[in-house]
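Hi,

Here is the structure I promised to pass on. Have a look at it first, and my notes follow below.

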Amino acid sequence: MELFGKKLSPERQKIVDKFREVLGDKEFKLFESSVQEELAKPPKVAIIGKTGVGKSTTINALFGLQEKVSHTTHGTTEASKKIIELPQGAKLEVIDMPGLGEDIEIDKEYTKIYERTLPEADVVLYVIQADLKALTEDQRILRDIVQNVMGNLKGRLVVGLNQVDKIGPGTWNTKFNYPSPEQEDNINRRCQDIQKKLSSALSINVEQVEYYSAEKRYRLYHLLAAIIKASGNVGWKFSINPADPIALADPSVQDLLRKELEEKQLDWWQKIQRYVNDLWSSLKGWF
């Protein structure tokens with residue numbers, strides 16, 4: 001059987017068959033039609049960040065793509081919008097917002113673009129270079145412009161601290177594509193400090209500030225989880241297919257790394273399984 005135009009794996013086919021059993025053929029067809037209609041409406045991600053923070057790299061790493069987020073030109077009067085086809089057949093609308101903080105007068109014009117665009121976005125991703133010592137300007141933009149424009153929609157905001165692989169002291173282990181113990185300790189200490197400061201200054205949850213490296217594909221699941229959670233009832237539309245970090249490691253250690261990764265993810269999968277079981281219990285109560 002094909003669902004949503006795609007042939008399903010045996011595992012997913014079991015889930016679909018279970019849904020059909022619970023709903024019945026008639027209700028299942030209505031459900032399938034509704035899902036197809038919703039998938040035709042791609043989730044909207046507005047991405048903000050200065051030149052060089054890695055907006056294109058972030059989007060590509062998160063969703064397994066090779067797209068270029070077209071940077072808005074200086075003095076533009078609109079945000080740049082692009083519909084992207086995701087690997088699993090779904091779609092994503094990326095809204096590239098003009099960067100702020102370079103010119104006070106131009107910022108006034110850009111603020112009007114933010115006022116028109118951000119309230120329509122399902123999630124707003126603000127990307128910062130985590131290795132920069134001075135974050136005062138980004139914090140001001142987030143507090144005075146982004147938050148004020150979004151109003152009571154600040155739950156849709158996610159702050160991404162990118163390029164943590166450049167944080168020292170300590171070096172990146174290229175063989176394992178992972179930070180050395182010294183570097184990882186410094187990454188955690190610095191970024192967790194930024195998380196606390198930004199979440200406090202912006203009155204948002206700590207979980208809305210995530211650190212990662214798009215280039216090294218490090219902690220992508222953490223960022224993707226934050227985006228899905230912030231997007232609310234459209235989170236299910238996102239593709240969970242971030243770029244594979246192990247593919248960047250030395251081929252001689254990739255099998256070992258995958259085995260260790262599977263063991264670390266066991267507890268995570270158990271949590272997912274409990275969630276699925278609870279979902280089925282709820283569904284059975286509806287029919």
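Before the helix packing, a word on how it is described: axes are lines fitted to C-alpha atoms, for helices over the stretch in contact, and angles run from 0 to 180 degrees between N-to-C directions. Please keep in mind that this is a predicted model.

With that in hand, helix α3 (residues 55–63) packs against helix α7 (residues 220–230) at an angle of about 90°, and their axes are 10 Å apart. Angles of 65 to 115 degrees count as roughly perpendicular, so α3 is roughly perpendicular to α7. On the α3 side the contact is made by Thr 58, Ala 61, Leu 62 and Phe 63, and on the α7 side by Leu 220, Leu 223, Leu 224 and Ile 227. By class, that makes seven nonpolar residues, one polar and no charged ones.

Now for the chain as a whole. It has eight helices and ten strands, and 43% of its 287 residues count as buried. Of the contacts between residues at least 6 apart in sequence, 64% join residues at least 24 apart.

Leaving aside residues up to four places away in sequence, Tyr 114 touches Met 97, Pro 98 and Val 146, among others.

Best wishes

Conventions. Residues numbered from 1 in each chain as written. Predicted model: local features only at pLDDT ≥ 70, side-chain atom pairs only at ≥ 80, totals over all residues. Heavy atoms only, no water. Helix = DSSP H or I, 4+ residues; strand = E, 2+ residues; numbered from the N terminus. Buried < 20%, exposed > 50% of the residue type's maximum accessible area, 1.4 Å probe, protein only. Contact = heavy atoms within 4.5 Å. Parallel < 35°, antiparallel > 145°, perpendicular 65-115°, else oblique. Nonpolar A, V, L, I, M, F, W, Y, C, P; charged D, E, K, R; others polar.
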